[in-house]
Amino acid sequence: MNIKMLCMGAMALSMMTGAALAAGATGTSALDDPQKMTPFFTDAGMKSMKSEAEFKAAWIAMSTSDRAMMLKECSDAGIAKMHADFCKMANQLGGANK
């Protein structure tokens, strides 16, 4: 019975690890999610940033966990390079909630 439980546990762990690795390999981030990023841009192609005041209002309207996740992603050099303008503004605001 113990061997059966051990094998089932190992199989479950390997399945969860495989799924996590597959999700990480896609290279997607919250900064590529139009639903999260639309409030910060004036155009649908997300090329033109809103004004600093509008950016701050959108930033404050986000949940604390979403802000923390975005700041964490901006700390990744590859992501920060692709989203330089957004990360610059986000880092300026930091954890601003006022």
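Author: A residue is called buried under 20% relative accessible area, exposed over 50% and partly exposed in between, with a 1.4 Å probe and protein chains only. The model is predicted, so local features need pLDDT of at least 70 and side-chain atom pairs pLDDT 80 or more, whereas totals for chains, interfaces and linings use all residues. Residues are numbered from 1 along each chain as its sequence is written, and side-chain values use heavy atoms, without hydrogens and water.

Cys87 counts as buried, at 3% relative accessibility, and so does Cys74, at 6%. A disulfide (cysteine sulfur atoms within 2.5 Å) joins these two residues, with S to S 2.1 Å. By this rule the count comes to one disulfide. Cys74 belongs to helix α4 (residues 64-74) and Cys87 to helix α6, so the bond ties together parts 13 residues apart in sequence. The angle about the S-S bond is -80°, and the link of Cys74 and Cys87 is left-handed.

Helix α6 (residues 84-93) also packs with helix α3 (residues 52-61), at an angle of about 70° and with the axes 11 Å apart. Helices are DSSP runs of H or I with at least four residues, numbered from the N terminus. The angle makes α3 roughly perpendicular to α6, a term that covers 65 to 115 degrees. On the α3 side, Glu52, Phe55, Lys56 and Trp59 meet Phe86, Met89, Ala90 and Leu93 of α6, where contact means heavy atoms within 4.5 Å. Of the residues in this contact, six are nonpolar, none polar and two charged.

Key: Axes are lines fitted to C-alpha atoms, for helices over the stretch in contact, and angles run from 0 to 180 degrees between N-to-C directions. Helices (H or I, at least four residues) and strands (E, at least two) are DSSP runs, numbered from the N terminus. Angles under 35 degrees count as roughly parallel, over 145 as roughly antiparallel, 65 to 115 as roughly perpendicular and the rest as oblique. Ala, Val, Leu, Ile, Met, Phe, Trp, Tyr, Cys and Pro count as nonpolar, Asp, Glu, Lys and Arg as charged, and the others, Gly among them, as polar.
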